[in-house]
Amino acid sequence: MPHDKTVLRGVRPYGEDPVDIVVAAGVIAEIATAGSGAGRVIEASGLIALPGFVDIHTHLREPGREDAETVETGSRAAALGGFTAVFAMANTSPVADTAGVVEQVWHLGKATGLVDVFPVGAVTIGLGGEQLAELGAMATSAAQVRMFSDDGKCVHDAAIMRRALEYVKAFDGVIAQHAQEPRLTVDAQMNEGVLSGQLGLTGWPGVAEESIIARDVLLAEHVDSRLHVCHVSTAGSVEVVKWAKSRGIKVTAEVTPHHLLLTEDLVASYDPVYKVNPPLRTSTDVTALRAALAEGTIDAIATDHAPHPHEDKDCEWAAAAFGMLGLQTAFSIAVLTMIDSGLLDWRALADRMSVRPARIGRALGHGHDLKVGAPANICVVDPRASWVVEPATFASKSRNSPYAGMTLPGKIIHVLKAGKPTVEGGDLAC
Amino acid sequence: MRHLLSAGDLDVVSACLILDTAAQLASVTDRTVKKFPTLRGRTVVNLFFEDSTRTRISFEIAAKRLSADVINFAAKGSSVSKGESLKDTALTLEAMGADAVVIRHGSSGAPHRLATAGWIQGSVVNAGDGTHEHPTQALLDAFTIRHHLRDGMGDLAGVRVAIVGDILHSRVARSNVLLLRTLGAHVTVVAPPTLLPYGVSQWPCAVSYDLDEVLPHVDAVMMLRVQSERMHAAYFPSVNEYSRRYGLDIRRMGLLPPHAIVLHPGPMNRGMEISADVADGERAVMVEQVANGVSIRMAVLYLLLGGITDDGKKEI
Amino acid sequence: MDSARSVVLDAGDIGRAIRRIAHEVVERNKGAADLILLGIPTRGVFLARRIAAAIESIEGDTVSVGALDVTLYRDDLRLRPARALEPTAIPTGGIDDKVVVLIDDVLFSGRTVRSALDALNDIGRPRAVQLAALVDRGHRELPIRADYVGKNLPTALAEQVRVRLVEYDDFDEVTIEGGAR
């Protein structure tokens with residue numbers, strides 16, 4: 001006999017005391033004494049419940065590069081990574097710069113149904129940086145686009161950036177900037193520093209990121225609009241964002257899991273699995289990024305999940321594509337870098353992986369605290385489990401994970417999206 | 001030694017072994033039969049993704065003088081842009097049984113990748129990769145300097161060398177700084193600040209922007225080729241200004257100690273980084289550098305292929 | 001099991017053997033004209049110099065001496081890591097139409113001499129090639145024999161014959177080491 005109620009039995013919300021979370025009709029119906037809830041029981045004693053994660057920076061590659069990822073495979077990877085919502089970046093082929101393309105992606109997400117897929121619209125036509133895309137049409141389309149980004153490319157023209165920031169105010173949008181001054185990063189391959197000089201790889205200086213962020217926060221202040229900074233990677237960028245926030249500028253920022261853990265030293269292997277944009281930086285930067293995420297200067301962890309087929313990484317460094325997988329490892333890297341180090345507690349981690357990213361992207365129905373009446377987007381994790389990363393077993397179509405072979409802490413056990421299990425016992429629920 | 005990828009991989013003992021071996025092999029040039037049977041039956045592939053007739057011929061002569069079979073594989077102009085062709089080419093060479101691959105590639109780290117990606121079993125010799133390294137050039141430069149300033153023996157302890165020009169883009173400079181330092185020499189790199197890499201202050205060498213100040217205190221000066229396209233990327237204002245500030249002309253030759261020699265990895269831009277009368281002068285050793293290049297490459301191929309491989313596998 | 005070393009030739013014996021070889025070389029070649037002594041590194045070179053000096057004291061003429069490194073001609077290169085090369089020094093004028101006497105410290109399998117003959121072949125065309133060894137310990141693997149021998153020394157394969165010369169080892173001595181005697 002089917003139950004209309006699901007009970008997460010004995011689960012510890014945010015790692016606190018065990019309770020039964022009773023879910024019905026897609027919302028949290030009751031938070032009851034452990035063992036008392038009635039309905040279809042999912043055993044969760046010892047496990048921690050968090051609001052379902054929201055990734056505001058994912059590359060699902062569809063349409064155009066279905067050999068690397070599709071909305072379906074990316075959705076599976078996202079669900080297994082504890083996410084209930086992802087924002088699909090616009091640098092597809094064709095570019096998501098029209099209502100038609102964003103609606104296509106949105107429909108594909110609906111059809112898969114494992115996570116809510118929120119398409120990101122391009123800021124400029126074809127990511128060309130010259131002419132605004134039809135931002136309003138995308139905002140009013142079925143996809144209800146609120147986040148716009150030319151990610152992969154920087155909106156480098158100050159006048160275009162200003163207009164974009166102004167224009168999206170009409171529908172509460174946000175411009176997510178890939179901060180990279182193009183003239184300072186021609187042919188750039190890795191962080192500019194002593195190591196890039198030794199390895200003979202063209203440097204990608206931190207100032208190319210920091211100068212754009214500095215310009216953009218001033219523009220955002222001037223036009224009083226919302227700016228989001230993608231994948232902040234340097235200690236200097238943190239300082240700029242901190243300063244901007246102290247002035248009350250409406251700026252938010254994200255950091256990727258890999259920038260919280262990995263450093264440029266790995267590039268000395270010339271293994272393109274470590275090639276990413278922005279590049280891996282120094283341990284000083286890693287420390288600053290972790291501290292900024294802990295204190296809230298950086299608002300969110302976002303994966304920048306960037307699938308690439310094998311042949312685009314199995315080559316010499318300069319010829320390889322930029323990017324790393326992130327969806328299925330993001331939570332574990334967050335545990336490793338932020339929880340195990342004591343920088344964040346579970347409630348704060350939920351804030352950075354769910355609450356704030358949902359708010360930045362205006363992801364309706366996501367990022368709510370675990371309380372009665374909230375949408376039942378819930379992720380249940382085992383903080384004590386550890387696992388060995390084997391990219392061959394990933395749900396993603398691609399294998400370009402920099403963590404292959406590493407033993408990581410923390411496992412995703414169950415995920416509910418709108419009350420329905422998408423992951424049970426660590427596997428996709430059918 | 002399994003591969004030669006970076007001059008930085010050589011310690012003073014192995015570097016001197018290469019130089020000493022090259023010194024013995026240099027005698028072959030005086031003989032009627034300019035050949036040893038040492039690498040008979042071995043196959044050396046010259047895999048050149050960039051044009052460099054000089055380097056390619058030098059390796060080719062070196063391999064042939066050791067009786068190796070030589071295959072020249074010029075991959076330039078094929079569909080290299082996709083990058084995967086390095087792997088496919090490597091797999092092809094492996095299938096053909098290449099014992100050593102001498103690779104010239106425009107991408108820094110390509111030889112490293114070839115040696116470590118598991119595509120091939122043979123030895124890899126870096127014949128210049130991007131703006132990274134060119135270890136055999138550094139070895140032949142060290143050999144030439146040793147010949148003139150240390151009677152062709154031992155290390156280069158105390159020798160003072162200036163490397164002048166486009167340090168930023170020069171693989172020759174990187175390899176020379178590492179190798180000369182290992183051999184005990186004191187190196188000063190001299191260039192306009194725009195042509196010095198970020199972080200050069202951490203390199204094992206001194207840094208100067210002023211050539212006139214450096215010249216009186218060196219035993220050897222190595223002039224690097226400056227490509228005029230650098231001017232268009234605003235690394236310096238004009239060819240004339242560069243030449244005035246960093247070119248080696250007769251006036252500057254007068255600043256050098258009388259025993260000092262002038263090196264250039266070639267090809268030279270006469271009138272740019274070096275004036276014609278200096279290039280043709282008696283203290284210029286460029287022709288010797290070319291001859292020494294063959295001996296050095298023979299030594300490297302012999303030491304890589306002339307014994308059992310490092311994994312202990314006996315090959316008959 | 002006795003692994004002790006036993007001295008086969010002392011300094012006096014070595015000196016006498018060298019003088020005898022010198023006499024035999026002069027006798028066989030009817031003088032020292034057109035003669036080139038080529039030592040095989042390392043110790044063969046010092047032996048060559050000593051034999052040359054002995055010949056000079058007999059004949060009064062100077063004798064050409066050189067060194068011939070055979071490493072690049074060896075047939076066992078791939079059985080061991082690549083070896084450092086020793087100097088090769090061919091006297092001015094070359095070896096064409098000369099009588100070359102190859103000189104090695106120990107004659108064993110004959111493979112070194114085979115390598116030396118190949119090396120000579122690439123350098124020139126001598127009128128004749130002769131071979132001198134301070135010790136012939138037997139166990140030939142190739143059809144090679146010495147023209148001049150300091151001492152014939154029957155050995156077991158497991159034994160090691162070691163030649164020490166004052167120029168390199170601070171004293172003159174030939175010993176047999178290892179094996180069960």
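The model is predicted: local features need pLDDT of at least 70 and side-chain atom pairs count only at pLDDT 80 or more, while totals for chains, interfaces and linings use all residues. Residues are numbered from 1 along each chain as its sequence is written, and chains are lettered from A and ligands numbered from 1 in the order in which they are written.

Between the two domains of chain A, 19 residues of domain 1 are in contact with 23 residues of domain 2 (contact: C-beta atoms, placed from the backbone, within 7 Å). On the domain 1 side, the elements giving two or more residues are β16 (378-388), β17 (407-417) and β18 (420-424) of chain A. β17(A) gives the most, with six residues. Helices (H or I, at least four residues) and strands (E, at least two) are DSSP runs, numbered from the N terminus. By class, this side of domain 1 of chain A has 14 nonpolar, four polar and one charged residues. Ala, Val, Leu, Ile, Met, Phe, Trp, Tyr, Cys and Pro count as nonpolar, Asp, Glu, Lys and Arg as charged, and the others, Gly among them, as polar.

## A parallel sheet in chain B

In chain B, five strands form an open sheet with parallel pairing, in the order β7-β6-β5-β8-β9. β7 (206-208) and β9 (261-263) of chain B each have a single partner strand, so one side of each is left without a neighbour in the sheet. From one strand to the next, the twist averages 20°.

Within this sheet, β5 (residues 160-164) and β6 (residues 186-190) of chain B pair over five bridges; pairing requires that DSSP finds at least two bridges between two strands. Val161(B) has Val187(B) in β6(B) as its bridge partner.

## Two crossing helices in chain B

The axes of α1 (residues 12-25) and α12 (residues 286-305) of chain B come within 8 Å and cross at roughly 115°. Axes are lines fitted to C-alpha atoms, for helices over the stretch in contact, and angles run from 0 to 180 degrees between N-to-C directions. Residues of α1(B) that meet α12(B) include Leu17(B), Ile18(B) and Leu25(B). By class, this contact has 10 nonpolar, two polar and no charged residues.

## Chains B and C

16 residues of chain C are in contact with 19 residues of chain B. The chain C side has 10 nonpolar, one polar and five charged residues.
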